[in-house]
Number of protein chains: 2
Amino acid sequence: MKPDPAELSRLIAQGHKRAIARAISIIENGHTQARSILEALHPRIGRAHRIGITGPPGVGKSTLTNQIIKYYRKKEISVGVIAVDPSSPFTGGAILGDRVRMQDLFTDPGVFIRSMATRGSLGGLARQASEAADVLDAAGKDVIIMETVGVGQVELDIMNAADTILVVNVPDTGDVIQGMKAGLMEIGDVFIVNKADLEGAERMKTDIQFVLELKGETSGWQQQVFLVDSRKGTGLDDMLTEIDRHKNYLNDAGEFELKRLRRKREQVKSMIMERLGDVFWNKERSELLEKLLEKKSPVEIVDRMLS
Amino acid sequence: MKPDPAELSRLIAQGHKRAIARAISIIENGHTQARSILEALHPRIGRAHRIGITGPPGVGKSTLTNQIIKYYRKKEISVGVIAVDPSSPFTGGAILGDRVRMQDLFTDPGVFIRSMATRGSLGGLARQASEAADVLDAAGKDVIIMETVGVGQVELDIMNAADTILVVNVPDTGDVIQGMKAGLMEIGDVFIVNKADLEGAERMKTDIQFVLELKGETSGWQQQVFLVDSRKGTGLDDMLTEIDRHKNYLNDAGEFELKRLRRKREQVKSMIMERLGDVFWNKERSELLEKLLEKKSPVEIVDRMLS
C-alpha cells in the first residue's frame, strides 16, 4: 500500500503516531516520496526546540535523555526523540534497548521515540535524522531531542540540526581538554559532567570551564558546565534551567530563526546539487566518461567533460 | 614553505618518506594543492594491492595488520598502512599508540604507516583516505593496508577503496550472523575469527561459513572463514595464502582493473560535482537563494532556481 503524501501529512499534523513512524521509515528507506511528504509538511516545520545530545560512548546520554523527557512531560510539553547510532550496524539495537526499559514513556501519547542506525546504508544518515526531526516538528512536538552514540563525524553532522547542543562527559574519559579541542568545545552550548560522584568530577568541571572562558563567548552566549548524576537525578534542575535559558537566548538574539534558515539553506543546496547531478549525468555524458576513463587522468577527464 | 607539486611528486615517486607524509598532510588539510599532486602522480597510481581491514572495535585488527606487514616484509614486499579512525576525535591517538609499539616497523624503509582521524573536520575522510592510498601507491608500495576502527558508515565507505576486504570478528561479539547482515557479509572477501582459542570460535566460524554459503558466490569468488590468533600467530599462514589467492583471482577475472576504474570513476564524479557547485553558486544565485529562503518552501526554491 502506497500512502498518499497529502493524507499522511494530514495524519502527521494531527500527531498520529503510526503516520509519523511511517513517514520516518519512508525517509530512512530513501523513497522519493519523502520529498513530497516533507514539502506538504513544510508550513508546519520550524516551531520545535531541537536539543542535540552528544559525547563519547558510555557517558550516560540515554539516561540523561530520559530525565529530560520526564522533566518536559511534567510541564506537559510534548517530546520527540531521534536516537541515532552511526557508529555501527552492530549496536543498532543498543539504543532501542535503553528505551525499552522506559516502557512508561512508550505508552505516553506526548512522547515519540525513534532509533535510527546505519543499517549498512552509506551516507545520508545525518540528513535523514534532520528530516525525521522535521516530521516530529510538523507533528507538533514542542521539544525534539537528537541523541547520538559517539562523537565522530556523522554525530557532529547530526548536531548541526540542533538548536541547543549538550556535550556530555564523565570524569573517567581521560584527558578531556585535549580531546575536546577536536571539535566539541566549538559546538557545545551546555556542557555536562555526568556521574558527578566519581573522583575527578569537580576537577573536570573546572578544567572545561577554564577552557570555555579562555575561548570566550560565542556570539553572545557564554557556555557553562554542570555537574549532574543522571541516574540519581542530582544537578538536573540547574542543567534543565540552563537549557531553557539557552532557548530564550536563541529567541531573543534571533538565533533560533537563523538556525532554522541555515538548516533550510543546507537542505535546498543539497536538493539542488542532487538535481544538477541528475541533469548532468545524461546518457551521453555517462558514455563519454566511460570512454575517457581508461585513457585520461582525472583532471583531463573533468576538463574535457566540463568544456 | 610551499612545496612545488612537481618536485613533491618526483620525491614521492622515489619513495621519499617525508615527501609522502607531506603530501598526505596536504590531502588531510584539504589544500587545493592536493589536486595538482594527485594529478602529477596519476600515471604511477594503480599498481598496488589494496587490502581493507574492518570489523567491530577490539577484535585485534591492529595486531593482525602488524602480522600481515611482517609477512610481506619477509618476502621483501613493501607495505603502506593507512589506519583510519572516523569514530571519534578522542581515540585519534589510539591507533597510533598500537603502532608505536612496533618500533621496528617504523624504522624499516619498506614500511610507511600513517594514522588519519576525524580531528573535528566534517566529511571527506573516506575520500582523503583513498587519496592517501593513491600517494602510497604512486610511491611504489606493493601492498597498501587500509585499517579502520569500527564498522560504521565511514568505515564502509573507506572499504570501497580496497581491492581485498578482510572482515575480522571475535567469538564474543554476540550474535554475529544477525549483525553481519547489516552490511559486512556483502563487502567481505576474506572472513576472520580472531582469538581462536576463545570459547565459541569454532561455532562462530561454522555460523559465518553457513551464511556465506547460503548467499553463494559473489561474482565468482566464494568467501571463506579463517580461525586465527593474531597475537600467537596461529592460523595466519592459511589466511595470508587466501589473501594472495584473492589477489590472483582479481587479476585473472579482470576485477582488479574494474575496481581501479570504479575508484577513478567516483573520483571524477566527485570532482565534477564540486566544479558544478562552484559554477552554480555564483553571486546572483547565492543572493536569490537568500531572498527566497524565508518566503518559499524548499521545493519551490529549488524549482525557481533551476528554471
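Let's start with one residue. Leaving out residues up to four places away in sequence, B:Thr148 touches B:Ile53, B:Thr54, B:Lys61, B:Val84, B:Glu155, B:Ile158 and B:Met159. Contact here means heavy atoms within 4.5 Å.

Ground rules next. This is a predicted model, where local features need pLDDT of at least 70 and side-chain atom pairs count only at pLDDT 80 or more, while totals for chains, interfaces and linings use all residues. Residues are numbered from 1 along each chain as its sequence is written, chains are lettered from A and ligands numbered from 1 in the order in which they are written, and side-chain values use heavy atoms, with hydrogens and water left out.

Back to B:Thr148. It is in strand S4 of chain B, residues 143-148. Helices (H or I, at least four residues) and strands (E, at least two) are DSSP runs, numbered from the N terminus. Is B:Thr148 buried or exposed? It counts as buried, because its relative accessibility is 0%. The cut-offs: buried is under 20% relative accessible area, exposed is over 50%, and partly exposed is in between, with a 1.4 Å probe and protein chains only.

Which side chain makes a polar contact with that of B:Thr148? The side chain of B:Thr54, at 3.3 Å. A polar contact is a pair of N or O atoms within 3.5 Å; within protein, one must be able to donate a hydrogen and the other to accept it, and residues adjacent in sequence count only if both atoms are side-chain atoms. B:Thr54 sits in strand S1 of chain B, residues 49-54. B:Thr54 is buried too, with a relative accessible area of 0%.

Now chain A. It has 15 helices and 7 strands. Of its 307 residues, 56% count as buried. Take the chain A contacts with a separation of 6 or more: 74% come from residues 24 or more positions apart. Chain A exposes about 13400 Å², and carbon and sulfur atoms supply 51% of that. Areas come from the Shrake-Rupley method with a 1.4 Å probe; for residues, only the protein chains shown count as cover.

On to rings. Rings of Phe, Tyr and Trp (its six-membered ring) pair if their centres lie within 6.5 Å; planes under 30 degrees apart are stacked, over 60 edge-to-face, the rest tilted. That rule gives 6 aromatic pairs over all chains. One of them is A:Tyr71 with A:Tyr72, edge-to-face, 5.1 Å centre to centre and 70° between the planes. A:Tyr71 is buried at 16% relative accessibility, and A:Tyr72 is buried at 2%. A:Trp221 and A:Tyr249 form a tilted pair, 5.2 Å centre to centre and 35° between the planes. A:Trp221 lies in the loop between helix H11 (201-215) and strand S7 (224-227) of chain A, and A:Tyr249 in helix H12 (residues 236-253), so the pair ties together parts that are 28 residues apart in sequence. Both residues, A:Trp221 and A:Tyr249, are buried.

Last, the core. A nonpolar core is a set of buried Ala, Val, Leu, Ile, Met, Phe, Trp, Tyr and Cys residues joined through side-chain atoms within 4.5 Å. The largest has 96 residues, and those with the most contacts inside it are A:Ile12, A:Val135, B:Ile12 and B:Val135. Beyond four places in sequence, the contacts of A:Ile12 include A:Leu41, A:Val135 and A:Ala138.
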